[in-house]
Structure formats: C-alpha cells, structure tokens
Amino acid sequence: MFNEKTRKITLDILGKLEGLAKKHGVKIIGWWNVTSEHLVYGVFDAPSLEAFQKFGMEPEILALGSSSTSEYKMAIGPEEVAKILKQAK
C-alpha cells in the first residue's frame with residue numbers, strides 16, 4: 001500500500017480484472033487481499049485449466065504477481081467427484 005509501484009499495479013488490475021476474466025471465460029467468484037502479508041486469495045471458475053492459465057498470463061495479472069504471493073489449486077465440485085468415482089469401477 002505504501003509502495004508507489006505496487007499501488008499503481010494494483011489499481012490498474014482492479015479496473016481490468018473483470019474484462020480480462022471475461023476474455024478467457026473465467027468467472028471471478030471472490031478476491032481478497034491480506035495486505036500486511038502481500039497475499040491475495042482468489043476463487044475463480046474457469047471452463048478449463050488452459051483458459052485459466054491464459055488468464056493468468058495476461059501482463060496485468062503477471063505484474064500483480066510481482067508484489068504478492070500466488071498459489072493456485074484446482075478444485076472440483078461434488079458432481080465431478082461422483083463422476084470420477086463412478087468411472088473408476
């Protein structure tokens with residue numbers, strides 16, 4: 001918050017995030033910052049891993065990563081879990 005470069009990057013992405021997500025078919029479920037730790041939590045729904053990766057490679061998203069810690073985990077819902085379990089027979 002007190003670093004001019006980080007402040008500019010963050011303000012820039014906040015104005016573009018929805019448009020970038022829509023460009024790749026990604027839905028933003030939620031986005032939270034732990035400012036004291038330079039940590040960002042985001043929950044997204046994407047049509048594929050590839051679509052999410054392309055979203056994450058946008059220059060503005062990459063710039064945001066230069067000042068925050070990012071960790072990505074792919075999760076599936078109960079319907080997908082059931083489908084996988086039924087196929088494993």
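Because D12 and K16 are four residues apart in helix α1, about one helical turn separates them. Their side chains meet in a salt bridge at 3.2 Å, N to O; the term requires a side-chain nitrogen of Lys or Arg within 4 Å of a carboxyl oxygen of Asp or Glu. The model is predicted, with local features needing pLDDT of at least 70 and side-chain atom pairs counting only at pLDDT 80 or more, while totals for chains, interfaces and linings use all residues. Residues are numbered from 1 along each chain as its sequence is written, and side-chain values use heavy atoms, leaving out hydrogens and water.

D12 is partly exposed at 30% relative accessibility, and K16 is partly exposed at 34%; buried means under 20% relative accessible area, exposed over 50%, and partly exposed in between (1.4 Å probe, protein chains only). Helix α1 covers residues 4–23 and also holds E4 and R7, three residues apart. E4 and R7 form a salt bridge with their closest N and O atoms 2.7 Å apart. E4 is exposed at 55%, whereas R7 is partly exposed at 33%.

E60 counts as buried at 19% relative accessibility. Shared partners join D12, K16 and E60 into one network. The count of salt bridges comes to four.

## Aromatic pairs

The whole structure contains five aromatic pairs, defined by ring centres of Phe, Tyr or Trp (its six-membered ring) within 6.5 Å; planes under 30 degrees apart are stacked, over 60 edge-to-face and the rest tilted. F52 and F55 form a tilted pair, 6.0 Å centre to centre with 45° between the planes. Both lie in helix α2, three residues apart, and both are buried.

The rings of F52 and Y72 have centres 5.5 Å apart and planes at 70°, so this pair is edge-to-face. F52 is in helix α2 and Y72 in the loop between α3 and α4, 20 residues apart. Y72 is exposed at 53% relative accessibility, while F52 is buried at 17%. Ring pairs link W31, F44, F52, F55 and Y72 into a cluster.

Terms used:
Helix = DSSP H or I, 4+ residues; strand = E, 2+ residues; numbered from the N terminus.
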